Amino acid sequence: MKYGGTNMQDARAVRHSASLAARSIREGVKVVVVVSAMAGVTNQLLKLADAAQSGDIASANDEIAAMRTRHFTAAQELGAAPDSDTVREIREMHETLRQAVYGVYLLRELTPRSRDLIVAFGERLSAPLMKLALEQDGLRAHHLSGGEAGIVTDTHFGNARPLPGTYERIKDRLSGLLSAGVTPVVAGFMGETEKGAITTLGRGGTDFSATIIGKALSATEVWGWKDVDGVMSADPRVVADARNVDVLSYGEVMELAYFGAKVLHPLAVTPLQDSGIPLRLKNSADPDFAGTLVQAEPRDEAGHPVKAVTAIRNVSIINVSGAGVLGIPEVIASVFDAIARENVTLLMVSQSSSMSNVSLAVQTVDAERTLNALRAGVSLELKVEQQDHVAVLAIVGSGMRGQKGVSARLFTALAAADVNILMISQGSSELNVSVAVEAEHVDEATRAVHAAFNLGKSVIA
């Protein structure tokens, strides 16, 4: 069972989350609990790290003091005495955090490695609170960091991936606790290198932690507790009649997560695919609602090829053009080599049939790095330009495969809403069609496409 930030945001939320785990444990289910940081804490940690790097140690210390108060208050409200182990651990962790941040301030250098060390404190501080709440509910529990639980990763700080030995290591470390009737509480989002340095798995990585552990222990299911009913047919803040999607395949949910649906880490289902372990996304406010079941095989509804529409905001398009691109494979290779060296994630790629133009969609935060890498790494004859204020909109559904007219419905809906298409991409898997549009029109485009595919109707149930 994985709990997101809103399910850990204060003592009341932690107590409720613990009660959901306790209900299953009392029914005879062995549960591993994986926790996120309290809502807002990850951003707070990133902010204070940046403040320390810029020399504003007073601001960083103020943030640490506010976090300390928040965690102490939660521990106290959960029943921890001032001299308890939980309070002592929280105090010691905040002191270690303060020292790490002071080191960044002295050096005026925030490396990916030190950023991971700092940002992982959010989950490390949540885990003792969940352990305390479970114990107050009459259960035995033991909390561990991701590394202590057995998650060993590569050294790609900020976006680390588990090494093959991780699964056996997790099984060794957690099976004994479960057999002894102790509920492991694991700090999500983090692991450690083989040399013991803390790494993080990327934003939303607590989902990934949970599925890694689920695979290692051959779980019956992995449950992700959220503050929504599951995966919605669109962002309910944008589309009023967005509905819960009952069943999705691994492939479909990966596409949705990749294209901006914030319900899941894009790689979260990858550990489950080989073993076929289902993932269920449930609403902690309505625990008896089935939520969304993610499984190996898609479930298609005749006449409804699209399951959901989603969008990525804050996107830039990088255009590489010129006669030097024309028909020369080495030029295209140099474009992708330059981007790979910078470790930039491409959201979309589109190439003109004449091969005189290649368009790349990237997150705006990566645009300058991408531009500089291309200008340094490709032929001087080529023109490299950046277009900002873009969003990528995608429709996702396995029913699109072999279905005629899906793209036509998409483009007709966008044209009727007077939305200009800047770029188009469709993979051969036919799980999605994605388009780049001007950012100011993305909400309008989302509503138009959602209506065009009748996603507000209860046909997905």
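Predicted model: local features only at pLDDT ≥ 70, side-chain atom pairs only at ≥ 80, totals over all residues.
Local features are given where pLDDT is at least 70, side-chain atom pairs count only at pLDDT 80 or more, and totals for chains, interfaces and linings use all residues. Numbering runs from 1 along each chain as its sequence is written, and side-chain values use heavy atoms, with hydrogens and water left out.

**View 1. The two domains.** Here are domain 1 (2-227) and domain 2 (308-460), with bounds from an automatic or database domain assignment. Their C-alpha centres sit 35 Å apart.

View 2. A nonpolar core is a set of buried Ala, Val, Leu, Ile, Met, Phe, Trp, Tyr and Cys residues joined through side-chain atoms within 4.5 Å; buried means under 20% relative accessible area (1.4 Å probe, protein chains only). Skipping neighbours within four places in sequence, L45 is in contact (heavy atoms within 4.5 Å) with M67, L97, I118, V119, F121 and G122.

**View 3. Helix α10 and its cover.** After α10 comes G260, with a positive phi near 105°.

**View 4. D366 in its loop.** D366 is in the loop between β13 (357-363) and α13 (367-377). It's buried, at 15% relative accessible area. Its side chain makes a polar contact with the side chain of R369 (2.9 Å); such a contact is a pair of N or O atoms within 3.5 Å, and within protein one must be able to donate a hydrogen and the other to accept it, while residues adjacent in sequence count only if both atoms are side-chain atoms.

Note on methods:
Helix = DSSP H or I, 4+ residues; strand = E, 2+ residues; numbered from the N terminus. Buried < 20%, exposed > 50% of the residue type's maximum accessible area, 1.4 Å probe, protein only.
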